[in-house]
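Subject: Structure handover

Hello,

Here is the structure I promised you. Please open it and keep it beside this email while you read.

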Amino acid sequence: MTLNVSNFDKWIRSGFVQMNTELETLYFVQENKANVLNIGDGIKLNLLNEGREFIIQLLKEGNTDEGFDQGFDLLGNVGLYMAACRRHEIDEQPANKNLMNEASSLALQLGAALGVTPRFATSHLTTHNKASNGQYKTFTSLEDELIFIDYNTRGILAYKRAADALHRVMTLGASHPVAADLFKVAKDALNDVIAYNKTLFDKLDTDHFFYNVRPYYKPHRVGSNIYRGANAGDFAGINVIDLSLGLCQADNASYAQILVDKFLYMMPQDQLILRDCMRQQSLMNSFMEALPTQKNTAWFQTNVKAFLEVCEAHGNAATQHHNQLVEKYIKEPAINLPEENQTNLTASGPPLPVLLFALEKLRDQRTAALRNDIYTRYHDIQQLKDAIK
């Protein structure tokens, strides 16, 4: 790590956090907590100029190729700075449209070299957020941001454990004697996801999340393009589970669009795993093929029972996320949000009703719900359940 990279990282972990926290405190005491205009302008100017100076020095240095990990970490720091400038609405002032030129240049250079989107992604704040002296990187020092990152990280790692187990079953084959053991690993990991989500639901304050944490995940411009915000689902694991189980299909247009939109927001190794999973036959299809001739065999009875338990756990986690977390932390507080603050309400960009409809459809695919307007595996799940003695 060069001196310029190190100095920028130290600032991101100290002065950057302090200034964001001060601004969030000022915003939250207002009647309209979503308003950021004409609040803390001196702090905003310091944030803008201090970060910009670090980035100018990095561009002058020109030596950012110190391996993937170092480059990705630096991209995260640039991305956090740009996201904060967008959150405080100081990145595109009418009098000066060029405030982010240097940051955009560095972010685009890093993103292209690394094969990822040129902004901060979920992994920068979760699975690849390196701690220093017990503290990882955040936007603020607010307790609710720490709760949000802590339990998102735990949930993502649990999803990854489940995905890894299912990916190994696909390699071994649905009839393999070890498959039931791996299905149990996946089920236990998904139950951990549910437990972490419940803790998040119990601990995270709705207003602090909605007004002081969520706004940092908004879409923003990098160069000439606007990139959507980071999403908690921007990792391969949850889609590997969808595809391995067969609850979702890569050849379904709406689901394939989700995958396409996510690829550059994932780590390159995640991209490879997901592509490998997309080309393989799902476990659901393997069991359905075996059903007519193998349903009375010991391996079929044991492995299908374990498989169905994983499907149920995955569906329960999806239902919990949508019916509790999305409702409590996005849909309900958005009802009272003033009209002038409705722009870029969602991290993914589309209006909230459009996003909620898409999430409902995804939930029902993951739960294999009975629907007439979209394809789900409801009938296949019922046939497999009926075959179990």
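Below are my notes on its cores, some helix pairs and a few single residues.

First, the ground rules. This is a predicted model, where local features need pLDDT of at least 70 and side-chain atom pairs count only at pLDDT 80 or more, while totals for chains, interfaces and linings use all residues. Residues are numbered from 1 along each chain as its sequence is written, and side-chain values use heavy atoms, with hydrogens and water left out.

**The cores**

Start with the largest nonpolar core, which has 62 residues. A nonpolar core is a set of buried Ala, Val, Leu, Ile, Met, Phe, Trp, Tyr and Cys residues joined through side-chain atoms within 4.5 Å. Buried means under 20% relative accessible area, exposed means over 50%, and partly exposed lies in between (1.4 Å probe, protein chains only). Phe8, Phe16, Val78, Tyr81 and Phe139 touch the most other members of this core. Helix H4 (residues 68-87) gives the most to it, with 10 residues. Helices are DSSP runs of H or I, at least four residues, numbered from the N terminus.

Now look at Tyr81. Leave aside its neighbours within four places in sequence. Tyr81 is then in contact (heavy atoms within 4.5 Å) with Phe8, Trp11, Phe16, Leu47, Leu48, Gly51, Arg52, Ile55, Met100 and Ala103. In soluble globular proteins, nonpolar side chains tend to be buried together.

How many of the 10 residues of helix H10 (residues 236-245) are buried? The count is 10 of 10, so H10 is largely enclosed by the rest of the structure. Among the buried residues are Asn239 and Asp242. Just after H10, Gly246 takes a positive phi of about 90 degrees.

H10 pairs with helix H12 (residues 268-278): their axes come within 10 Å and cross at roughly 10 degrees. That makes H10 roughly parallel to H12. Axes are lines fitted to C-alpha atoms, for helices over the stretch in contact, and angles run from 0 to 180 degrees between N-to-C directions. Under 35 degrees counts as roughly parallel, over 145 as roughly antiparallel, 65 to 115 as roughly perpendicular, and the rest as oblique. H10 brings Ala236, Asn239, Val240, Leu243 and Ser244 to the contact, and H12 brings Asp270, Ile273, Leu274, Cys277 and Met278. Seven of these residues are nonpolar, two polar and one charged. Here Ala, Val, Leu, Ile, Met, Phe, Trp, Tyr, Cys and Pro count as nonpolar, Asp, Glu, Lys and Arg as charged, and the others, Gly among them, as polar.

The axes of helix H14 (residues 298-334) and helix H16 (residues 378-387) come within 10 Å and cross at roughly 135 degrees. H14 and H16 are therefore oblique to each other. Phe300, Gln301, Val304, Phe307, Leu308 and Cys311 of H14 meet Ile381, Leu384, Lys385 and Ala387 of H16. Eight residues of this contact are nonpolar, one is polar and one is charged.

Helices H7 and H9 (residues 206-213) pack at an angle of about 90 degrees, with axes 9 Å apart. That makes H7 roughly perpendicular to H9. Asp144, Glu145 and Phe148 in H7 meet His208, Phe209 and Val213 in H9. The contact of H7 with H9 holds three nonpolar, one polar and two charged residues.

**Single residues**

Is Leu283 buried or exposed? Leu283 is buried, with a relative accessible area of 2%. Leu283 sits in helix H13 (residues 283-294). Beyond four places away in sequence, Leu283 touches Leu166, Val169, Met170, Ala174, Phe183, Ser244, Leu245 and Phe307.

His321, in helix H14, is partly exposed at 37% relative accessible area.

Most residues other than glycine have a negative phi. Asn38 has a positive phi of about 60 degrees, and Asn133 has a positive phi of about 55 degrees. Asn38 is in the loop between helices H2 and H3. Asn133 is in the loop between helices H6 and H7. Asn38 is exposed at 69% relative accessibility, and Asn133 is exposed at 81%.

Best wishes

Notes. Helices (H or I, at least four residues) and strands (E, at least two) are DSSP runs, numbered from the N terminus.
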